[in-house]
Amino acid sequence: VYRLDIYQNKSLFIASGATGSYIFDYRMESKHIFSVTESSEDTDAVKFFPDGQSFAYGLSDSVIKLMDIRTHRQINEYTHPTATAIGSIEFSKSGYYLFAGYDESPFCIAWNTITAE
């Protein structure tokens, strides 16, 4: 496990690592409720969207994906042509911006979560 994020209001948590991102609900008997494993890249960062209905994860190839937990579908993707591996991600309180910290230049980008710009 590389990173964890906990969404307190719904008893959910995300674990990320070399094989993908996994969401668990510790109130349920089976615990595991959703996983994303389609990439061959390591998942270096995970973060719940402020409303807890979606989450973002950053890959070692600098791609960030925003996923909907309810539909198990991708909402948006954020890619910069010169960015390197993701170090961390964080949403603004409103969820309008997604801040990404990269290992090398450009170091930090504030993405608009709707337009991916």
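How does phenylalanine 99 count: buried, exposed or partly exposed? I looked it up in the model, which is predicted. Phenylalanine 99 has 33% relative accessibility, so it counts as partly exposed. The cut-offs behind this are under 20% for buried and over 50% for exposed.

Entry on confidence. I checked the pLDDT before reading any side chains. The protein chain averages 90, and 99% of the residues score at least 70. Strand β4 (residues 32-36) has the lowest confidence, with a mean of 81. The highest is in β11, at 97. I kept in mind that where pLDDT is low, predicted coordinates should not be read in detail.

Entry on aromatic pairs. I searched the whole structure and found eight aromatic pairs. In the pair of tyrosine 78 and tryptophan 111, the ring centres are 5.8 Å apart and the planes stand at 50°, so I noted the pair as tilted. Tyrosine 78 sits in strand β8 (residues 73-78) and tryptophan 111 in strand β11 (residues 108-112). The two are 33 residues apart, and the pair links distant parts of the chain. I also looked up their accessibility: tyrosine 78 and tryptophan 111 are both buried.

Next I took tyrosine 97 and phenylalanine 99. Their ring centres are 6.3 Å apart and their planes are at 35°, so this pair is tilted. Tyrosine 97 has 37% relative accessibility and therefore counts as partly exposed. I had already put phenylalanine 99 down as partly exposed.

Entry on clusters. Which residues form one aromatic cluster with Phe34? I wrote down Phe55 and Tyr57.

Notes
Residues are numbered from 1 along each chain as its sequence is written. This is a predicted model: local features need pLDDT of at least 70, side-chain atom pairs count only at pLDDT 80 or more; totals for chains, interfaces and linings use all residues. Side-chain values use heavy atoms; hydrogens and water are left out. Rings of Phe, Tyr and Trp (its six-membered ring) pair if their centres lie within 6.5 Å; planes under 30 degrees apart count as stacked, over 60 as edge-to-face and the rest as tilted. Helices (H or I, at least four residues) and strands (E, at least two) are DSSP runs, numbered from the N terminus. Buried means under 20% relative accessible area, exposed over 50%, partly exposed in between (1.4 Å probe, protein chains only). pLDDT is the predictor's confidence in each residue, from 0 to 100.
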